[in-house]
Amino acid sequence: MALDDFRNLYQELLIDHSRERHGFGLRENPSAESHQRNRSCGDELTLHVHVGDGVIDAVTWDGQGCSISQASASMLSDLAAGATAAQISDIVAAFRTMLHSRGKDEGSEELLGDAISLSGVSKYPPRVNCAMLAWVALEVALGQLPDWAPPQAQTDTGSRTIPSRSSR
Amino acid sequence: MPLDIERLRADFPVLSQEVNGVPLNYLDSGATSHKPLQVLDAERRFYETHNAAVHRGAHTLAGEATEAFESARDRVATFVGAKPNEIVWTSNATAALNLLAYSFSNASIGQGRAGTERFRLTKGDEIVVTELEHHANLIPWQELAARTGATLRYIGVDDDGRLRMDQAREVIGERTKILAFAHVSNVIGAINPVAELVARARAVGALVVLDACQSAPHMSLNFAALDVDFAVISGHKMLGPLGIGVLYGRGELLDAMPPFLTGGSMITSVTMEQAEYLPSPARFEAGTQPVAQAVGLAAAVDYLDGLGMDSVHERDAQLGQALARGLASIDGIRLLGPPPGEARVGLASFTVDGVHPHDVGQFLDELGIAVRVGHHCAEPLHRRLGVAASTRASASVYTTDAEVTALIDGVSQVREFFRAEGASAVQKQLFGGHAPSSP
């Protein structure tokens with residue numbers, strides 16, 4: 001049982017993304033940015049979002065962390081590109097529900113794409129914060145933009161917002 | 001006499017379990033050690049036969065509880081080379097260090113009677129710590145400096161985490177009022193040169209505070225012989241219960257210091273306007289005390305003395321070298337702190353190139369190996385060594401050679417598993433012959 005959980009935690013796809021890191025490297029002049037720190041381990045992540053014409057153009061990020069946080073940011077970068085406000089809000093909500101399900105919700109591939117490979121994290125509650133880091137950063141960044149703020153941004157993941165160093 | 005590890009492990013039932021379907025290899029004793037049956041029994045016996053509030057009440061059980069509590073103090077005092085009135089019970093070592101800092105703080109605002117001058121800090125005074133301190137021996141001094149206007153300075157470390165003694169001679173000077181440092185680093189296991197630092201502090205008239213949390217479980221200690229003014233130890237790291245720590249202080253100093261926590265059991269007389277305080281240690285033990293925990297800690301030092309602290313120390317040094325040697329020999333692993341061959345306690349922290357410590361810890365846990373990951377409450381030291389976090393393996397009297405081997409084996413496989421750059425391209429057959437894959 002435990003071994004299955006472990007294999008399910010570190011799926012090949014997760015390790016692929018942790019090595020490839022899609023969206024890694026900040027693109028300049030973002031529409032909004034957010035810097036998040038994982039209180040349990042001190043890992044930090046900065047995320048830039050570029051929006052235009054009702055859809056997200058790009059999510060880029062920078063930071064060091066465990067394979068779960070890096071893979072999760074990579075997958076989010078893939079998912080967010082091209083998403084509307086309503087779509088990204090649904091995607092983030094589905095991801096959060098999956099991670100907090102303690103293994104009960106395997107996630108919708110249609111909504112979450114590669115990120116369903118993070119479903120195994122939900123059986124390791126201490127690692128949920130790692131997986132949520134980039135996603136919270138995106139929520140916080142979008143919350144600064146008119147028309148993009150999610151209905152009720154939740155930031156109950158153990159990470160905290162550090163005020164943006166520069167407001168653009 | 002060498003420790004009979006197999007035999008003594010029978011005293012620690014917690015060790016003979018499986019986690020994740022494999023036998024537990026507990027290598028996190030630096031965070032908290034396990035407790036032998038003798039300690040658990042002592043605590044239980046106290047609750048079963050004596051349980052009462054101490055130092056009050058005229059009934060038989062109250063007398064017995066007081067006797068047990070004070071006998072425990074005598075016992076622990078002997079263990080660390082102190083007199084009983086020099087042993088103050090606290091809830092843990094962090095509380096003991098905060099007690100000191102707040103007592104000095106109270107002295108600095110004029111609380112206490114004659115004799116408190118030497119604890120007073122003001123602008124221009126300096127508190128000196130080191131760059132390798134646990135946060136518990138850093139932040140209370142930062143806060144004390146902020147409250148009093150004193151300046152906090154520190155002795156740096158070199159790339160191997162050795163204290164820069166050249167800096168120590170410069171940093172510890174005429175303005176130094178307090179020198180606080182760890183006997184043994186909780187991250188790199190290095191043993192700091194107490195005698196040299198104490199001599200320097202004595203030369204300038206500074207008070208010396210020793211954090212002995214990571215030395216007390218591993219070596220015989222005599223605070224009087226070490227000539228420190230204050231020292232703290234943590235019960236749960238030395239086979240004792242959770243919830244008990246000790247502040248050691250030279251008797252004449254403790255008696256002169258103003259109290260920190262105030263309330264019941266620490267007074268001689270109280271009016272509606274003011275209170276007079278008992279001498280040490282009672283003046284620092286306000287409120288109901290952790291009596292069963294004190295009794296448990298006394299049982300733990302009985303246990304350690306039964307093994308013989310010389311044998312404990314010898315075995316611990318051996319484990320420290322085995323950990324250091326084994327880890328340093330693995331490609332892509334950076335051992336922090338003293339290189340193999342240099343003195344260290346049975347503790348070693350390391351980083352794995354290209355793999356985050358959380359992933360290392362998760363991977364090892366799957367093999368039944370319990371280690372600590374993160375910055376181990378020593379963020380400045382990690383920053384100095386150029387790493388964000390590390391993985392730490394730490395031993396105790398019950399640690400076997402097989403556990404060290406299991407760790408070295410496990411760590412050898414980590415980089416392959418996470419496909420770290422430069423790791424062997426051949427995927428070893430892990431976990432029963434199957435690489436993890438998508439379901």
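This is a predicted model: local features need pLDDT of at least 70, side-chain atom pairs count only at pLDDT 80 or more; totals for chains, interfaces and linings use all residues.
In which order do the four strands of the open sheet in chain B run, and is the pairing parallel or antiparallel?

**View 1. The open sheet of chain B and the helix packed on it.** The four strands follow the order E13-E14-E17-E16 (chain B), and their pairing is antiparallel. Strand E13 (333-335) and strand E16 (372-374) of chain B are the edge strands, each pairing on one side only. From one strand to the next, the twist averages 30°. Three bridges join E13(B) to strand E14 (residues 347-352) of chain B in the antiparallel sense. Within this pair, Val352(B) of E14(B) stands opposite Ile333(B). Helix H11 (residues 309-328) of chain B packs on the sheet, where it touches E13, E14 and strand E17 (390-394) of chain B. The direction of H11 makes about 15° with that of E14(B).

**View 2. Packing of helices H2 and H10 in chain B.** Helix H2 (residues 37-49) and helix H10 (residues 291-307) of chain B pack at an angle of about 145°, and their axes are 8 Å apart. The crossing of H2(B) and H10(B) is right-handed. H2(B) contributes Gln38(B), Val39(B), Ala42(B), Glu43(B), Phe46(B) and Tyr47(B) to the contact. Facing them in H10(B) are Val291(B), Ala292(B), Val295(B), Gly296(B), Ala299(B), Ala300(B) and Tyr303(B). By class, ten residues of this contact are nonpolar, two are polar and one is charged.

**View 3. The largest nonpolar core, with members from chains A and B.** This core holds 177 residues. Those that touch the most other members are Ala134(A), Leu138(A), Leu179(B), Val232(B), Val246(B) and Val295(B). Helix H6 (residues 125-143) of chain A gives the most to the core, with 13 residues. With residues up to four places away in sequence left out, Leu179(B) touches Val128(B), Ile172(B), Leu197(B), Ala201(B), Ala206(B) and Val208(B). In soluble globular proteins, nonpolar side chains tend to be buried together. Val295(B), one of the core residues with the most contacts to other members, also takes part in the meeting of H2(B) with H10(B).

**View 4. The contact between chains A and B.** Chain A supplies 19 residues to the contact and chain B supplies 17 residues. On the side of chain A that touches chain B, the elements giving two or more residues are helix H1 (2-9) and helix H2 (12-20) of chain A. H1(A) provides the largest share of this side, five residues. The residues on this side of chain A comprise nine nonpolar, seven polar and three charged.

**View 5. The hairpin of strands E1 and E2 in chain A.** Strand E1 (residues 32-38) of chain A is mostly covered, with five of its seven residues buried. E1(A) pairs with strand E2 (residues 44-52) of chain A in the antiparallel sense, over six bridges. Arg37(A) has Glu44(A) in E2(A) as its bridge partner. Five residues lie between the two strands of the hairpin, and Gly42(A) in the turn has a positive phi of about 85°.

View 6. Pro13(B) counts as exposed because it has 12 C-beta neighbours inside 10 Å. Although 23 residues separate Pro13(B) and Pro36(B) in sequence, their C-alpha atoms are 7.8 Å apart in space.

Notes. Residues are numbered from 1 along each chain as its sequence is written. Chains are lettered from A and ligands numbered from 1 in the order in which they are written. Two residues are in contact if their C-beta atoms, placed from the backbone, lie within 7 Å. Ala, Val, Leu, Ile, Met, Phe, Trp, Tyr, Cys and Pro count as nonpolar, Asp, Glu, Lys and Arg as charged, and the others, Gly among them, as polar. Axes are lines fitted to C-alpha atoms, for helices over the stretch in contact, and angles run from 0 to 180 degrees between N-to-C directions. A crossing is left-handed if the near helix is turned anticlockwise from the far one by less than a right angle, and right-handed if clockwise. Two strands pair if DSSP finds at least two bridges between them. A nonpolar core is a set of buried Ala, Val, Leu, Ile, Met, Phe, Trp, Tyr and Cys residues joined through C-beta atoms within 7 Å. A residue is buried if 20 or more other C-beta atoms lie within 10 Å of its own, exposed if 12 or fewer, and partly exposed in between; C-beta atoms are placed from the backbone.
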